[in-house]
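This briefing is for a reader who is new to the structure shown below. Please keep the sequence and the model in view while reading.

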Amino acid sequence: MKSRPKLFPNRKKRNKLWGVRYVEEMQISVICNTYNQEKYIRSALDGFVMQKTNFPFEVLIHDDASQDKTPDIIREYESRYPAIIKAICNTENQWSKHDGSLRRIAMERAGGKYVALCEGDDYWTDPYKLQKQYDFMESHPDYTLCGCSTVWLNELSGKDMGNSKTSADKDVRLEEFLLPSNSRPFPTVSFLIKTDVWKSLPKWGFPVGDLPLTYFCAMKGKVRMLADTMCVYRWNAEGSWTAKSSDSEKRAQINEKMIAAYETMNQQTDYAYDELIKKAILHQKYTLALMRRDFAAITGPELIGMYKSRSFIYRMSDYFRCKNPGMYRQLQKLLKKNR
C-alpha cells in the first residue's frame, strides 16, 4: 500500500492526492482583536496556524494601538504565515472612539462564508476546531452558530473553573443565553457564525457584543454546542473584559445599559420574546441593586421573588454585599483565588 506523503507545501495538491475535497473559495474569516496582550498573543496565534482544514481560511488581526510588544509578535507571525495571518496594527486606538470602528473594519475585511471569533488573550487547543465546526454547519444549513465545550482558565489561580462544558453535542435554546444559570453556554472564543447573520446584527445598544450576537443567532436559526473541548477562555486576564468590568461602579453602569438594551431589543422584535426578555431585565435589575447595595430594592415587591428563590448561601452573600461590603470583599477575594 502506498504510504501517505508527510508534507506538501501545496495544500490543494496534498488533498487531491489523499482523495479529500478541497474548497477553493475563502470559507472562514477568523476575527481577532488585540490590545496590550503580549503575554497571551502567541498562544492565540499558535492556535490559528495549527488549524488543519480542507478549505482556505484567513486570520484577520486588528491590533488597536497596543503600547507593548503585541504588534511586533503579530508581524513576526504574519511574515511566517502570510497566506493565513493578515494584520492591521493601528497607531490610533479605535475602541476609545466608541463609534463602532472596530466592528466596521472587521466586517469590511471578512470575506469568508463563516466568521470565527477569538480575542487575543484566548486560544484554541484543537487543530481540527475549524474543520469540525465547518463540517457541522455545512451539513446543517438551518444553524446560524456553532460553539463547543471550553476551558475557563482563571488567570489568578491557574485553575479550570469548570464552566461551558457538555458531555454530548446539543442544541442551545434562546432562553439558555438570555437566562444562564451560572455562565454562558459557551464563550466567544468558540464561536463559528454565518457571516451574513453576524453582519446583520441589529443595533440594540448592548455594552458587550457577544451576548446580543448569541440572542440574534438563536432568533434567526438554530444553535449547536459541540462536546469536544477545543478552546481556552481566560478569565481575569490582564486587560480583559472580566478584569476591566470588575469595578462595582463600572459594573453598575454596564447593568443600566443592559436593561435599556433589553428594552430596545424587546421593542424591535415586536415583543415576540417578551416573557424571556422581561426575566432577563429582572435579573439585570437584581444585579444592579446589588451593585448599588440597595437591599431595600432587593426585598421590595419587584425583586423579592428572585431574592427568595436563591439558596440560603446566596441570600447571605447578597445581604453582606449590601450591609457589610468590607467583609463581602474579603470573602470574594478568597473565593476568587481558589475558584
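The model is predicted. A search of the whole structure finds 16 aromatic pairs, and the structure holds 19 salt bridges. Selected cases are set out below by topic.

**Helix α14**

- Helix α14 covers residues 312–323, which is 12 residues.
- An α-helix has 3.6 residues a turn, so residues three or four places apart point the same way.

**Aromatic rings**

- A pair of aromatic rings is described by the distance of the centres and the angle of the planes.
- Among the 16 aromatic pairs is the one formed by Phe48 and Trp124, which is edge-to-face, with 5.0 Å from centre to centre and 80° between the planes.
- This pair links distant parts of the chain: Phe48 is in helix α2 (residues 41–49) and Trp124 is in strand β5 (residues 123–124), 76 residues apart.
- Both Phe48 and Trp124 are buried.
- Ring pairs also link Trp204, Phe206, Tyr215, Phe216 and Tyr262 into a cluster.
- One member of that cluster, Trp204, is found in the loop between α7 (195–199) and α8 (210–220). Trp204 counts as buried because its relative accessibility is 5%, which is under 20%.
- Trp204 and Gln268 are 64 residues apart in sequence, while their C-alpha atoms are 8.2 Å apart in space.

**Positive phi angles**

- Most residues other than glycine have a negative phi. Two residues with a positive value are described here, Tyr271 and Arg293.
- Phi of Tyr271 is near 60°. Tyr271 is placed in the loop between α10 (248–268) and α11 (274–291), and at 48% relative accessibility it counts as partly exposed.
- Phi of Arg293 is near 55°. Arg293 lies in the loop between α11 and α12 (295–298), and at 44% relative accessibility it counts as partly exposed.

**Salt bridges**

- Lys97 and Glu92 meet through their side chains in a salt bridge of 3.7 Å, N to O. Lys97 is partly exposed, with a relative accessible area of 35%, and Glu92 is partly exposed as well, at 47%.
- Arg224 forms a salt bridge with Asp171, and the closest N and O atoms are 2.8 Å apart. The pair links distant parts of the chain, with Arg224 in strand β9 (residues 222–235) and Asp171 in strand β7 (residues 170–171), 53 residues apart.
- Asp171 counts as partly exposed at 35% relative accessibility.
- Lys279 forms a salt bridge with Glu275, with 3.8 Å between the closest N and O atoms. Lys279 and Glu275 both lie in helix α11, 4 residues apart, about one turn of the helix.
- Lys279 is partly exposed, with a relative accessible area of 42%. Glu275 counts as exposed because its relative accessibility is 59%, which is over 50%.
- Salt bridges that share partners join Arg42, Glu76 and Arg80 into one network.

Technical notes:
Residues are numbered from 1 along each chain as its sequence is written. This is a predicted model: local features need pLDDT of at least 70, side-chain atom pairs count only at pLDDT 80 or more; totals for chains, interfaces and linings use all residues. Side-chain values use heavy atoms; hydrogens and water are left out. Helices (H or I, at least four residues) and strands (E, at least two) are DSSP runs, numbered from the N terminus. The expected span of a helix is 1.5 Å times one less than its number of residues. Rings of Phe, Tyr and Trp (its six-membered ring) pair if their centres lie within 6.5 Å; planes under 30 degrees apart count as stacked, over 60 as edge-to-face and the rest as tilted. Buried means under 20% relative accessible area, exposed over 50%, partly exposed in between (1.4 Å probe, protein chains only). A salt bridge is a side-chain nitrogen of Lys or Arg within 4 Å of a carboxyl oxygen of Asp or Glu.
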